[in-house]
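This report describes selected features of one structure.

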Amino acid sequence: MSEPTGTARRRGPFQVGDQVQLTDPKGRHHTFTLEAGKAFHTHKGSFQHDALIGAPEGTVVRSTGNTDYLALRPLLPDFVLSMPRGAAVIYPKDAGQILAMADIFAGARVVEAGVGSGALSTFLLRAIGDSGQLASYERRQDFADIARKNVERYFGAPHPAWKLTVGDLQDNLVETDVDRVILDMLAPWECLDAVYKALAPGGLVCCYVATTTQLSRTVETMRVMNCFTEPQPFESMVRSWHVEGLAVRPDHRMIGHTGFLVTARRLADGVEPPLRRRRPSKGSYGDDYAGPGAEAGDPAAS
Ligand SMILES: C[S@@+](CC[C@H](N)C(=O)[O-])C[C@H]1O[C@@H](n2cnc3c(N)ncnc32)[C@H](O)[C@@H]1O
């Protein structure tokens, strides 16, 4: 049985064409692709790629300037943070939440927009595998080109489960009976009608947005549409720790904010969500409220 796309590049001795991540004595990373007969130059001298070809991961190479470099293949989180970017990428902490909370499974039929630099596309393709289907939509040709290169560099070849379309999702979406839709864009609420048509009953939509105003508009639009389950908004924070002798504490610096996630499930055709038991607190949708459904008043009371 053949291995899933990209797996052969993730294990075994280093081969020509592999990505290598070097760590220098100060913990800094340098990433390059292995080529026979080539030299890697640093400001502390150079070494030959051939010194790594055929060597196991975790090997240490010494440069002509007598500096040791630890060589490992980059993990996917390392790869997406070091790859060339057009648009900002989804951080690995959020990609992990999307894979778990949007329930991305092997063989799933997934739609994604926008593609940006292709970071999330790579996480999604790895999770759905060769038997899944990922239809990705990106409105900008230049970003789509960068994303395609990044995805192909990661897997070492075009991925058989990936279809990339240049254009706005809401005008071009052709897939139906889809299991999951992931939106990472400025105005996901503009795509929710198209998403509803594409999703299979029970399918899940997950939106990633950067600001509270985007989050509010996304959630309220889903509610007003009356064809999704109650949206579940959340964010994740990851603190790294300093552990040295008796000094065991969170690191002083952290990534304080990336974005918010919100998930909801598509109901069956013609079905409306059951009335919410908990009504919004008085004043939540007061006179000043100008969001979706404002004309209709309190959406939960209708
Ligand atoms: C933040 S980037 C996406 C980053 C990507 N998720 C990643 O991990 O690399 C947002 C992208 O959405 C695209 N975009 C915005 N609205 C869109 C739409 N309606 N349809 C397709 N692409 C859209 C933008 O051009 C931009 O490239």
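Two strands are said to pair if DSSP finds at least two bridges between them. Helices (H or I, at least four residues) and strands (E, at least two) are DSSP runs, numbered from the N terminus. The model is predicted: local features need pLDDT of at least 70, side-chain atom pairs count only at pLDDT 80 or more, and totals for chains, interfaces and linings use all residues. Residues are numbered from 1 along each chain as its sequence is written.

Strand 1 (residues 19-23) pairs with strand 2 (residues 29-33) in the antiparallel sense, over five bridges. Val20 has Phe32 of strand 2 as its bridge partner. The hairpin of these strands has five residues between them, and Gly27 there takes a positive phi near 85 degrees. Strand 1 also runs antiparallel to strand 6 (residues 68-72), to which three bridges join it; Gln21 stands opposite Leu72 of strand 6.

Burial is judged by C-beta atoms placed from the backbone: a residue is buried if 20 or more others lie within 10 Å of its own, exposed if 12 or fewer, and partly exposed in between. In helix 2 (residues 92-101) the buried residues are Asp94, Ala95, Gln97 and Ile98. Viewed down the axis of helix 2, they fall within an arc of 160 degrees (taken from the directions from the helix axis to the C-beta atoms), so they line one face of the helix. An α-helix has 3.6 residues a turn, so residues three or four places apart point the same way. The buried residues of helix 2 pack against helix 3, strand 10 (178-184), strand 11 (199-209) and strand 15 (260-265), where contact requires C-beta atoms, placed from the backbone, within 7 Å. Asp103, which follows helix 2, has a positive phi near 55 degrees.

Helix 3 (residues 119-128) is largely enclosed by the rest of the structure, because nine of its ten residues are buried. Among them are Phe123, Arg126 and Ile128. Gly129 follows helix 3 with a positive phi near 75 degrees.

**Glu138 and Leu164**

Glu138 belongs to strand 8 (residues 133-138) and counts as buried because it has 29 C-beta neighbours inside 10 Å. Not counting residues up to four places away in sequence, its contacts include Ala113, Phe143 and Leu164.

Leu164, in strand 9 (residues 162-166), is likewise buried, with 20 C-beta neighbours inside 10 Å. Leu164 touches Val115, Ser136, Glu138, Ala144 and Arg148, with residues up to four places away in sequence not counted.

Conventions:
Two residues are in contact if their C-beta atoms, placed from the backbone, lie within 7 Å.
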